[in-house]
Amino acid sequence: MDEDEPPTSAVFLDSCHFSQVVFNNVEKFYVPGGDVSCYYTLTHNITPRGKDWVGIFKVGWKTTREYYTFLWAPVPADTHSDTAVQQHIQFKAYYLPKDDEYYQFCYVDQDGVVRGASVPFQFRAEPEDDILVVTTQGEVEEIELQNKNLHKENEELKVSFANLQKQNMELQEELKKTQELQNTLESLRSNTEKLEQELNSLKTENKHLKEQDECRGAELQQLKEQIQGVTSDKECLENRLRTALDHMDQLQSQVLNYEKEVENLSQVDHDKTEQLESLEEENHQLYTTVAQQVKPSSAGKAQLSSLELSPFYSQFSPDLPKPFLCQQQTHDLVEELRKQKCLFQILQAEKNEADEENQKLRAENAALLRLLSQSTELSPGSSASQAPSPAGDLLFGNPYCGEIPWHSVSLRKCPMCDEVFPEDVEMSQFEAHVQSHLLECPVCSETFEKSNQQVFDDHVFCHGLE
């Protein structure tokens with residue numbers, strides 16, 4: 001017998017399943033000192049495992065720990081068979097009880113649960129067959145009657161046992177179905193709890209969405225009110241833009257006149273400079289001629305020289321000495337040239353002031369154009385508010401504390417030719433149309449309207465003079 005302790009449990013008799021293993025050919029008596037063979041049948045209701053064992057228990061035992069001796073139950077080759085399997089083990093005489101108490105075989109699985117039990121038996125010698133027992137006829141008849149009754153009772157017990165086995169199998173089947181239903185119920189409960197959690201989550205999310213919808217409705221109403229205010233402000237801005245464009249056109253005309261006047265003065269200055277250089281050269285030649293012809297030792301030559309120069313001096317003022325006429329004319333020309341230069345500087349300063357004012361007006365025009373272009377990018381259903389932006393370089397300042405979207409199709413109108421673009425036209429196409437009305441300086445990137453081609457050419461020409 002294996003010396004390892006078998007698996008036991010505190011399971012009581014009322015929780016055991018004795019019908020799953022049936023013990024066969026169990027004797028009423030086993031002779032002490034001899035080996036005992038145990039025969040049992042494994043039904044289809046049990047699945048044998050490696051730690052199952054068969055023990056000998058004294059009748060009246062309460063738990064599987066009260067075994068007297070045991071042997072490991074061999075595992076059949078085919079453990080998944082649906083038919084009954086016959087098994088056989090043999091207990092050695094050394095390990096068997098020595099008293100004459102009643103014992104029984106019990107099959108215990110590796111969980112310590114009893115799966116089958118045999119009828120009781122004793123370890124003692126069988127009664128002698130050669131003893132003569134003398135009984136009376138009445139006793140014999142009584143014994144026969146008792147035997148008949150016992151036989152009848154035995155048959156009834158067999159029938160009852162078969163019925164109980166059948167009921168036990170039916171109960172086992174019902175127990176399996178109940179366990180399956182219980183597992184299904186647990187699964188359904190788990191799914192129900194998950195669904196309830198998801199439902200609560202959806203309810204919370206729905207409540208949150210309703211609150212957001214109410215907030216969006218309030219924001220939408222506020223935006224509609226802002227749109228109504230912005231529409232009127234937009235018209236005011238358009239009027240200011242038109243006024244600024246008209247003012248810019250007037251300034252550009254003034255700048256054009258100033259540039260033409262400066263150009264004329266530059267030409268006059270250039271002519272005066274050339275005339276002055278010619279007079280200075282002629283004066284120098286006259287001085288050289290007079291120095292060569294006028295000598296103290298030759299009065300005749302001096303008189304001849306004066307006669308020769310008289311036609312030249314006759315064209316100047318008769319009140320001045322003839323040698324100093326060229327100097328006076330040169331002085332007058334220099335004075336006139338200085339005055340022209342002062343006038344040129346004054347006109348140049350006025351031109352610079354006009355350029356600065358023109359540049360400011362262009363910056364304001366560009367800012368207004370950006371506002372108009374930004375307003376067309378926003379759709380009427382937009383509900384996103386923008387952060388406040390500073391006034392920037394606007395000449396008249398920004399009348400709003402922040403940038404407010406404009407929702408008006410009429411805002412997409414060319415500020416140059418007043419052409420109106422539908423809402424489905426892309427912003428890049430609208431900007432390209434506005435840019436087609438402008439000319440950009442290749443030096444300073446200043447923009448001019450195409451209608452002021454002459455102003456643009458003069459502006460580029462001034463960069464060439466610089």
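Guide: What follows is a set of questions about terms, each answered from the structure shown.

Guide: This is a predicted model, in which local features need pLDDT of at least 70, side-chain atom pairs count only at pLDDT 80 or more, and totals for chains, interfaces and linings use all residues. Residues are numbered from 1 along each chain as its sequence is written, and side-chain values use heavy atoms, with hydrogens and water left out.

Visitor: How do you know what confidence the predictor has in the protein chain?

Guide: From pLDDT, the predictor's confidence in each residue, from 0 to 100. The mean for the protein chain is 79, and 79% of its residues reach 70 or more. Over residues 297-318 the pLDDT stays under 50, and the model has 16 contacts there beyond four places in sequence (a contact means heavy atoms within 4.5 Å). Residues 379-410 are also below 50, with 51 contacts beyond near neighbours in sequence. Where pLDDT is low, the predicted coordinates should not be read in detail.

Visitor: Why is the pair Asp109 and Arg49 called a salt bridge?

Guide: A salt bridge needs a side-chain nitrogen of Lys or Arg within 4 Å of a carboxyl oxygen of Asp or Glu. Asp109 and Arg49 have an N to O distance of 3.9 Å, so the pair qualifies. The pair links distant parts of the chain, 60 residues apart: Asp109 is in the loop between strand 7 (102-108) and strand 8 (114-117), and Arg49 is in the loop between strand 3 (36-42) and strand 4 (53-58). Strands (E, at least two residues) and helices (H or I, at least four) are DSSP runs, numbered from the N terminus. The structure holds seven salt bridges.

Visitor: What makes a space a cavity rather than a pocket?

Guide: On a 1 Å grid over the protein atoms alone, a cavity is a set of points where a 1.4 Å probe fits but cannot get out, while a pocket is an open set with protein on both sides within 12 Å along at least five of seven lines. Lining residues have an atom within 4 Å of a point.

Visitor: Which residues lie nearest the centre of the largest pocket?

Guide: They are Ala366, Leu369, Gln435, Leu438 and Thr447, among 22 lining residues. The largest pocket holds about 440 Å³ of space, a volume being the space filled by probe spheres set on the grid points, which are joined across faces, edges and corners. Helix 3 gives the most to this lining, with nine residues.
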